[in-house]
Amino acid sequence: MYNIIKDLFPITRSLSGNGNRQTLNYLKKNYLDELKIHEYSIADNKSTYDWETPYEWNISDAYILDENGCRIIDFKNNNLHILGYSESIDVTIPFSELDNHLYSLEDDIDAIPYVTSYYKKRWGFCLTHRQREKLRKNPEKLYHVVIKSNFNENGSITYGELIINGYSDEEVLISTYICHPSMANDNLSGVAVATEIAKYIYALPERKYTYRIVFIPETIGALIYLRENITHLQKYVKAGFVLSCIGDNGDYSCVHSPYNNTYTDKIVTHVLKHITDNPKEYSFLERGSDERQFCAPNVNLPVCTLSRTKFGKFKQYHTSNDNLDFVSEEGLKGGFEYVKTCIDILENNNIYKIKTVGEPQLGKYGLYPTISQKGSADYTRNLTNIIAYLNGENTILDIAEILNVPFSSVLEIIKKLKEKELVTP
Amino acid sequence: MYNIIKDLFPITRSLSGNGNRQTLNYLKKNYLDELKIHEYSIADNKSTYDWETPYEWNISDAYILDENGCRIIDFKNNNLHILGYSESIDVTIPFSELDNHLYSLEDDIDAIPYVTSYYKKRWGFCLTHRQREKLRKNPEKLYHVVIKSNFNENGSITYGELIINGYSDEEVLISTYICHPSMANDNLSGVAVATEIAKYIYALPERKYTYRIVFIPETIGALIYLRENITHLQKYVKAGFVLSCIGDNGDYSCVHSPYNNTYTDKIVTHVLKHITDNPKEYSFLERGSDERQFCAPNVNLPVCTLSRTKFGKFKQYHTSNDNLDFVSEEGLKGGFEYVKTCIDILENNNIYKIKTVGEPQLGKYGLYPTISQKGSADYTRNLTNIIAYLNGENTILDIAEILNVPFSSVLEIIKKLKEKELVTP
Amino acid sequence: MYNIIKDLFPITRSLSGNGNRQTLNYLKKNYLDELKIHEYSIADNKSTYDWETPYEWNISDAYILDENGCRIIDFKNNNLHILGYSESIDVTIPFSELDNHLYSLEDDIDAIPYVTSYYKKRWGFCLTHRQREKLRKNPEKLYHVVIKSNFNENGSITYGELIINGYSDEEVLISTYICHPSMANDNLSGVAVATEIAKYIYALPERKYTYRIVFIPETIGALIYLRENITHLQKYVKAGFVLSCIGDNGDYSCVHSPYNNTYTDKIVTHVLKHITDNPKEYSFLERGSDERQFCAPNVNLPVCTLSRTKFGKFKQYHTSNDNLDFVSEEGLKGGFEYVKTCIDILENNNIYKIKTVGEPQLGKYGLYPTISQKGSADYTRNLTNIIAYLNGENTILDIAEILNVPFSSVLEIIKKLKEKELVTP
């Protein structure tokens, strides 16, 4: 997963444009050959629900030259230098005027911030506050500013979609966003984990659910995807996950659905409790990614967002410090494990009933000591506890919650009971 | 409101009698010209539900003369001096005998207590414990005791009723009691706040509910009012409030309905949480005013009692120290605000649904910043949170509770969204 | 009750055998002449649900002789010395070999443990760890080991059943186990309390419920009793109690049913809260007696287990120190009171409705002071609180829970209200 991030890191992505195509083609070519790359025509969809569909934006160059012709800021060094969706410009202006078009962070003076202006035409550059302060000393100094960008009203918005079929009609939605340029945790980590999860799902011997894994630009992409699929999604999606900022080494966290009452919420809460001693469960009031669209009142899908450190809760967030050093293979593996455990629960959370009236005679099956003395029942406690709740109504997850043990430990014992033919589905 | 209390303070009120008529006439003449003053005939209603209807009681004079003809206690100085519903007497007796008819407070020796004997014929005087102790030094001393009172079995019990119509059939009951003589917080504060609230309701541009504001003697008056209106009340009353002890500067409090599960309870809990940092919510087990009758098992109206410091929880309670110094215009204004906020919620607690699928593009409406950078969404957080819960099922109060913000702040934003035609009722 | 325990203490009991018959005959002869003693034929019931029915086991002698012919261990001194369900043996072996057949407690070196091997043929002796360590010094020394026991495949499993009829069809199950040999709290205390409770139930002037009191061997006896009665029990049993370890002076405790949601659970929680300041409520995850069978998924009876100190929570548990000194008449009386209070609630937990609209005029009935002054209502508070909740839907137990007072105090007041004809059933 770390390699995916390393490969995709330098590409300039945004809501639309060739960087997004390049990103999706990379995934298709190297990992997900069934990935379908969709182009959503802007000319044919001037609006998407309540939103104006933004034009396709591409940028070929952007820099600022000082009086000596030195490139003091160059978009090619770091694509965060450009204000997202900047319009073209070619002017020479004093710093005092240029300063109105600069963005920096007073409280993190060595970081370049990530700033965009999708819906109002602007141009601008982002830089470290340290550099800006230095430039401010000579407000009269002239700079030659060049941005070569292009808005295409006949272009399209690009997104990727992977459908992996299961044997039931019900579906699981996994969504991650591809619109952020060179930031590793937000959100190349989501792209990398979603890719690895897709591979994991392909490798499952059988699948109950159909998995719908989408790589979309945030907000407008989610709205586009909803507009094209909402009836189907509302009918079939049983659980959904947005993957965001899921590759650092911080605590595991989630953003719950609006009422924290869906099947997804229940699974995520369970997984968090057992994957870490310090789970962070945020309410929908602290949302910020595409759960905003998927859980909106007239959409109402059962979606939670999964993160290691949640967006906005790490200081590198939306800056150049969210770089290749901030994520790690270990952090990504934890993120993968988090999503994988949710999927394992979805695939295996069945209902069983113990066949016997009263307890079974476990000794007969080699599952219980034949001698009864103080403490002899202790090591089979988990087994007998599970049997006590196999009433044909509780799911495995219900039992794991009652016993306060991980889902997997209940599943393992139920497999043994199935072998001994002590349970019926 | 303070002036109302000052004007009504000296009048001798009880369950019945001319003082009650005088009180209601004062309100009608000066503030509430539509107030209807009812006379409930005792002869025609010898009993009221399980209760014997007490005779009308009037008192013209009551005093105790010492051997020198000095009025050592005079009802005209303070009407708390007389045991409520005392019978007439004109005797000369030694103090040792008189002492059996005296009431004072050992733990508050400078206060005259408020004592009544409505249902058993007695006579008696209330005085400070300090005075009583002084008199006790000469048990043999003779006193001339005079009470000139009168029980009229052909009299009536007087109460006031004000009905302010709204456009729906549903009603709100506001009840306060007028049977207490010269005590300011208990309960001239209730009378004053109810009067001001009536004026506020009259001034509303439109009213959803019909308001039924009643000024009654406590207990028997509530039972009389129920007997005359119970079928109507049980059918139409959606929320109800007893106003009691609502003019001091203490903490805001309520007594909940028996199961704390009515619409009134929900509103009151919400208002208390936002009107003070230290709300006092009492269960029905701590009841004591007419919620006792309105919430009784076979009555079962959705009524809570609203107070600043609850009856029985301030040391001046039922003594001469509950005087004009104990209440204040500021305390009364707080009490008024408390009731008014409940009414504002009742009148405005509608259900709206956001029209858009997914979030609306708020920038288009001037409701969102057009540039996206760290922290840029914070100031619109309340707005977007409200939109996230406008699902056509939540009331405004539900949303205010989910967001833990005052009802009014949600209402204000919904007004903006209505202007932008983003919501439907 | 203490005498019952003293009389039954020396008898050798097990899952089956003459000691069990002797125990039940003692109860029938001395206390419960209607006790029916059932013999469950092993030949006719080779299996009981999922369980192999164990053969009837009797033992006449068991001892170990040293080289001098001294009985160093003699079953006749303490029947815990024998591993339960030991097979016959008559061999002379060195200690090193004998040691494999010995059971002792390293952490309680002066106690003989209670050990059984019902379902695998073994022989063995239990002894204090102190004695074993002494013997271990001479591993070569020879011992003559004799066990004279007998397994009878044509025998039977014996249990007692007492049915005391009530006027309704609904039943209460009280179950206790008789399979433990010389241990006083576990479980002669259960036998003694069940016997005393049976006498109490007989003495009731009338009974709503039919009581079914069973004296059974643990586990297999419960399964046998279920097999013979399950349809009837599932239809009629409204509440059930297993009595176990209920004669010591420790805290009162219970094991709840699997979901802590039955009528029995509600009653037991209420009783525990008022019988002690330190109630111990254990979840079904800490079960261990016949609630395991009665509450199993396909059985699902509303059963809780009642104890003073729960099995496994006292250090004398399953050792020779659970002797006649560990239980006391006072401890047993507390245990009896615990069960009796549950039965009193079951028999009296009816629904009443106050007849009056609004509060009744309690003064008329001599139930309220006729003078109203500060504090005068306090002593009738419990009375008026009860009236406030007599809505024709709450049971007496519901009201006791709302008021947080013992059931009996509510019942007593309702009796007064019935006398005054203020309530209807």
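By what turn and what shift along the axis can chain B be laid on chain A? The turn is 120° and the shift is 0.1 Å, with an RMSD of 0.0 Å. That is how copies around a three-fold axis are related. The model is predicted.

**Symmetry**

- Two copies of a chain are related by a rotation about an axis and a shift along it.
- Chain B also superposes on chain C, with an RMSD of 0.1 Å. The rotation here is 120°, and the shift along its axis is 0.1 Å.
- In chain B, the C-alpha nearest that axis belongs to Asn261(B), at 13 Å.

**Build of chain A**

- Chain A holds 12 helices and 19 strands.
- The C-alpha trace of chain A spans about 90 × 50 × 35 Å along its principal axes.
- Chain A has 425 residues, and 50% of them count as buried.
- Take the contacts in chain A between residues at least 6 apart in sequence: 80% of them join residues at least 24 apart.

**Domains of chain A**

- Chain A is divided into three parts: domain 1 (2–53 + 155–348), domain 2 (56–152) and domain 3 (351–424).
- Between domain 1 of chain A and domain 2 of chain A, the C-alpha centres are 31 Å apart.
- Domain 1 of chain A gives 19 residues to their contact, and domain 2 of chain A gives 18 residues.
- On the domain 1 side of this contact in chain A, 12 residues are polar, 5 are nonpolar and 2 are charged.

**Nonpolar core**

- In soluble globular proteins, nonpolar side chains tend to be buried together.
- The largest nonpolar core here has 371 residues.
- Which residues touch the most other members of this core? They are Val193(A), Val339(A), Val193(B), Val339(B), Val193(C) and Val339(C).
- Leaving out residues up to four places away in sequence, Val193(B) touches Met1(B), Leu243(B), Ile246(B), Gly247(B), Leu332(B), Gly335(B), Phe336(B) and Val339(B).

**Chain B against chain A**

- This contact takes 21 residues from chain B and 24 residues from chain A.
- Three elements of chain B each supply at least two residues to its side: strand S17 (351–354), helix H10 (381–388) and strand S18 (391–395).
- The side of chain B that touches chain A has 10 polar, 8 nonpolar and 3 charged residues.

**Chain B against chain C**

- Here 25 residues of chain B are in contact with 21 residues of chain C.
- Strand S3 (51–52), helix H6 (220–236) and helix H8 (291–294) of chain B each give two or more residues to the side that touches chain C.
- H6(B) makes the largest share of that side, with 4 residues.
- By class, the side of chain B that touches chain C has 16 nonpolar, 5 polar and 4 charged residues.

**A sheet in chain B**

- Strands of a sheet pair through backbone hydrogen bonds, either parallel or antiparallel.
- Chain B has an open sheet of 3 strands in the order S18-S17-S19, with antiparallel pairing.
- S18 and strand S19 (423–424) of chain B are the edge strands, and each pairs on one side only.
- S17(B) and S18(B) are joined by 2 bridges in the antiparallel sense.
- Lys353(B) stands opposite Asn391(B), which lies in S18(B).

**A buried tyrosine in chain A**

- Tyr103(A) sits in strand S7 (residues 102–103) of chain A.
- Why does Tyr103(A) count as buried? The reason is its 21 C-beta neighbours inside 10 Å, where the cut-off for buried is 20 or more.
- Tyr103(A) and Cys126(A) are 23 residues apart along the chain, yet their C-alpha atoms are separated by 4.6 Å.

**An open strand in chain C**

- Is strand S6 (residues 89–94) of chain C largely in the open or buried? Of its 6 residues, the number buried is 0, so S6(C) lies largely in the open.
- S6(C) pairs with strand S9 (residues 142–152) of chain C in the antiparallel sense, over 6 bridges.
- Opposite Thr92(C) stands His144(C) in S9(C).

Key
Residues are numbered from 1 along each chain as its sequence is written. Chains are lettered from A and ligands numbered from 1 in the order in which they are written. This is a predicted model: local features need pLDDT of at least 70, side-chain atom pairs count only at pLDDT 80 or more; totals for chains, interfaces and linings use all residues. Copies are superposed by least squares on the C-alpha atoms of residues with pLDDT of at least 70 in both. Domain bounds come from an automatic or database domain assignment. Two residues are in contact if their C-beta atoms, placed from the backbone, lie within 7 Å. Ala, Val, Leu, Ile, Met, Phe, Trp, Tyr, Cys and Pro count as nonpolar, Asp, Glu, Lys and Arg as charged, and the others, Gly among them, as polar. A nonpolar core is a set of buried Ala, Val, Leu, Ile, Met, Phe, Trp, Tyr and Cys residues joined through C-beta atoms within 7 Å. A residue is buried if 20 or more other C-beta atoms lie within 10 Å of its own, exposed if 12 or fewer, and partly exposed in between; C-beta atoms are placed from the backbone. Two strands pair if DSSP finds at least two bridges between them.
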